[in-house]
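Here's a walk through a few pieces of this model, domains to begin with, then sheets and helices. Have the viewer open as you read.

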Amino acid sequence: MRIFDSGLFWFVEGILFVVVILAARAWAQDRGLPMPIWKWVLFLLWVALAGFTIAFVGTSFGEGEPVAATRGGLLFGLISIIAGVGLWRVLLAGTGSGGEDAVSEV
Amino acid sequence: MKKPPARLLRVLFASVLLVGALAYGRTRSAPDLITPVEEIFPGSQRIEFQRGIHYVYGGAGALMGWAGAEEANGYGGPMLLVVGVDTLGQVAGVRVVQQRETPVFWRMVRAPEYLRAISGSRFDSIDYEYQSVVAVTGATISGDAIVESVRSSVARVAEVAFDVQLPLPPKPFEFGFLELTILVLFAVGIVGHRLRGPIRRRLRWAGQLVGLLVLGFWENSPITLAKITAFLTGYLPDPRTGLAIYLLLGGFLLTSIFYGRNLYCLYACPFGAAQRVVGAIGGFRLKLPPWVVRLMEGARNVVVFAALFMAFITLQPALASYEPFAALFALHGTTLQWFLLFIVLTGSLLIQTPWCNFFCPMRTFELVVLDTKRWWQGSRKGSPGPVKKASKAWTGARDQKGGSEQ
Amino acid sequence: MSDSLPKGTGQGSGDGGAGVNRRDFLKLAGLAGAAAGGAGLGAFGYAAGQDPNSYLGWQNEEGASLVFNKKRYEVDEPTYLKVGPTSRPDARVEQIFERRGRFMREYMRLRGGGGRGFPGMGGQPPQQGQGSGASAEGAQSTPSSGPVTPESFSEPLRSYYRSNPQDLDLDILNSDELQPMNRADSAEYGDEFILAEAWSAAMGAVGPGPISGPPEVNDFPRGRGGTMPEPMKLVDPAKTAELIKAVSLQLGSTLVGITELNPDWVYGYPIRGRGFENLEEPLEIPDWWTYAIVVGTPMSWDPMYANPNYGTSNDAYSRSRIIATRVEAFIKALGYPARTHVPGTSYDLMVPPISIDAGLGEQGRNGIMITPEVGCNIRPAVITTNIPMATDKPIDIGVDDFCLHCKVCAEQCPSGAIPMGDKVEVRGYRRWKIDTAKCQNFWTSNLGNMGCRICVSVCPYTRKANWLHKTAMKVSANDPTGLTERLLTSMQKSFYPGPDPQDYFMPSLGGKNASYREPPWWLRTEDFIDLD
């Protein structure tokens, strides 16, 4: 835990996070995707969800609770995947590259 | 397209096997009443079953007392307790002969305490108030079943041995939010079925979402194979307290027969709704080749048969339950069911309702019902519309996208 | 990258001319960010300098365990309710240790046995079969082999057993059957717990002796020659409270709280071993028992999760005993009277409700206090005194609501001592009540270390203080809808399952000596001791 107590770890995580954001921004620009603030907010929320899932699994294994790690991983992972796919479609909506078709054909 | 009679013959064959399994299961699980009666009356030498109760005789043929054992409906299956009453009219002891509650629920009801509390009372002045001894919420069905079994057993002994008619309290008929919702959903389905186009779609979605929230997350009461198996093993839950499953199964059967469409699956089933919601998010677009679809549908039928077979042989309806519904709606399930839930819902992103198509026993039952109906109507020449709809229903490869009623 | 974006376009950037365009906004944001970041660094530095975790070896003493800000959750009344006329407990029969001690002494005379007895309580249960040997010294009834009824006992046991015949059954069951079974099973299956028992014995090897005098003698500080010093004049009760709390932490306590002593929590009659001469005389509450200081320590976490066999109570008991004695000495050094009430059995009062009054937590379904920091993993002790102090308010962190629906402890309790149903009224208060006789019957029967503590281990609140559980705790405490509680309860039951409660029992009772979780590596006997 000493590594994670020192500020250095979070400093590095922070830099990585900024790199991710810059890369995401570049990717969106290359695709000509408009990224208003609210889309960024959704993206960050999803990052928090996915990050929580990973941290939950790690913590549970660290505590010696493999059942919690597995089931929690499945539950939060499922939510993350579905939310991720949903986010993907929201980000891409309106660009004609896979947004609206096949929706709600019940 | 295969000839219906051939498929029906397979179903018939499978049914024969299942009935055999059921018969075998019943013989294996006949409850042993002698041992508990001997425990209640130590020193008993002879036990005779007459007029519906056991007569217990001790040394030198002296009558020690009587024992009554009447079944009551527990949560997981029939429950049987045996009550011994001595010649003075006092409860000599009570024993649990058979119960099929899930272990957590059974522990919750603390049966031994209740049984000890009523021992020693006179048979006509037993305080049946369960709550005063072991107040339990969350396992009311199990607790009520214990009381009912004891009460019926005592009443039987009272009638035969003492010629006393003990009053049995009337049970109120419970009709609540869940039951109302089920009726509304079927009603919406019947209406929606007559309409076309966007209105039908909206009604479908509205019904699905209500079903998802109420039958799913709020009440966790979808139809499960365990409940169907319970019916088929002759264990019918008390309709006064468990009306919901009668409404659901009744609705499923009646709409399949009279509309040719299973309105439970289309309007009420919460798990189907969950898959469709995920599908709407994911925009499923994967088309499976028809041979894969047929293979997986065949596999589904085999799995359903196997699950039923296991449940009948062991007479444990809970064993048949491979559905992951409770994992989604109550976070309650085995790790295997969790994995299944994960696979099904992520699959729903790409494929339309994978559970309904490839895993759900209700789809198999629907096919059997529709097969039977079509064969029945085909043998009466000149039948109208429903036949056509039925035949469309089981066209081997379904459209994966748009239009077709799933 | 940003060059590829034409100036002034992009959503929400306004037109190119008037107003702040996107680039300038970014530059301003960067500047503000730098300022905020810098300030943050400064604040971090200050906190690092003060960090209790940097006081190696004294982290807890510097308050490292105070991870939860309770101020927001203070309420005026505790979450248990006073609902009727109240009375003090008759500890002679209602306190399980005292009752069973009395039971054993009389029961042994009835059965003609002699020697050991209930673990830790003196006296030996009679051997199998009826004994009618020479009666013990001063026996009032001749040994008999007939059935034992409430009438066989003297008062106050007689009246108690008449009203609670089930407890007589349970007391006899423990003595006659469970203890011999436990000895037999320990001989055959107990090897795996050797290390755990050694560790527990070590934890219990040090501690203060028992209180030897009644309050008027024991509580007061004595100087040289038996003189009593003058109590020091104190500046302000609020400051005294701060002082006492800081010093209690420095003296080793994990949590500390102060409250006025509610007389309803004091025993109506004293118990053995507290220095009272006449145990049949009601306990008069001395007027210097004004306040109660509550201190306490948790049990070691990994062994605690391996309850009921590998865990022990000694780790927390001995530390809480020592700390309470230190606090008593500190108060006496200031010239004020003080008296400790400490685990395992040395009390003149009931500690859990006092701890709840002192704002350390709320009562849980398992009857004991649940704290926001360590859940139920705390063994508190009390020091009664009249040193003037400001008191703490009780807290409401949502335990009451949580326990209403959770019931994990009741489901896992092997003896069925924890209620599945609602609260009941006990001596004028509405609270959860466990069946202490059933509870003790189990925890004196299981193998390994004495005691059970399963309800502590399975409680969703009893979680280690990492980010995950601290966050869950805070969200649950702040959610007024109760949805979080339901979700967390479902997750607890699904993600942290326990064995079938029947398995916790010893083999002779149909169990498998199961523990809730595996023991830590340093308690695995087979890894360190050659058992063949």
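## Two domains in chain B

The centres of domain 1 and domain 2 of chain B, taken over C-alpha atoms, sit 39 Å apart. Domain 1 covers 4-24 + 174-393 and domain 2 covers 33-161, with bounds that come from an automatic or database domain assignment. Eight residues of domain 1 of chain B and seven residues of domain 2 of chain B make the contact; residues count as in contact if their C-beta atoms, placed from the backbone, lie within 7 Å. On the domain 1 side, that's five nonpolar, two polar and one charged residues. Here Ala, Val, Leu, Ile, Met, Phe, Trp, Tyr, Cys and Pro are nonpolar, Asp, Glu, Lys and Arg are charged, and the others, Gly among them, are polar.

Some housekeeping: this is a predicted model, where local features need pLDDT of at least 70 and side-chain atom pairs count only at pLDDT 80 or more, while totals for chains, interfaces and linings use all residues. Residues are numbered from 1 along each chain as its sequence is written, and chains are lettered from A and ligands numbered from 1 in the order in which they are written.

## The chain B sheet

Chain B has an open, antiparallel sheet of five strands, ordered E1-E2-E3-E4-E5. Helices (H or I, at least four residues) and strands (E, at least two) are DSSP runs, numbered from the N terminus, and two strands pair if DSSP finds at least two bridges between them. E1 (46-50) and E5 (91-98) of chain B are at the edges with a single partner strand each, so one side of each has no neighbour in the sheet.

E1(B) is joined to E2 (residues 53-57) of chain B by five bridges. Look for B:Phe49 opposite B:His54 in E2(B).

## The chain C sheet

In chain C, four strands make an open antiparallel sheet in the order E2-E3-E7-E4. The edges are E2 (255-260) and E4 (338-341) of chain C. Six bridges link E2(C) with E3 (residues 291-297) of chain C, and C:Val256 stands opposite C:Val295 in E3(C).

## A helix pair in chain C

The axes of H5 (residues 165-189) and H14 (residues 436-443) of chain C come within 9 Å and cross at roughly 10°. Axes are lines fitted to C-alpha atoms, for helices over the stretch in contact, and angles run from 0 to 180 degrees between N-to-C directions. H5(C) and H14(C) are therefore roughly parallel, a label for angles under 35 degrees.

Note on methods:
Contact = placed C-beta atoms within 7 Å. Parallel < 35°, antiparallel > 145°, perpendicular 65-115°, else oblique.
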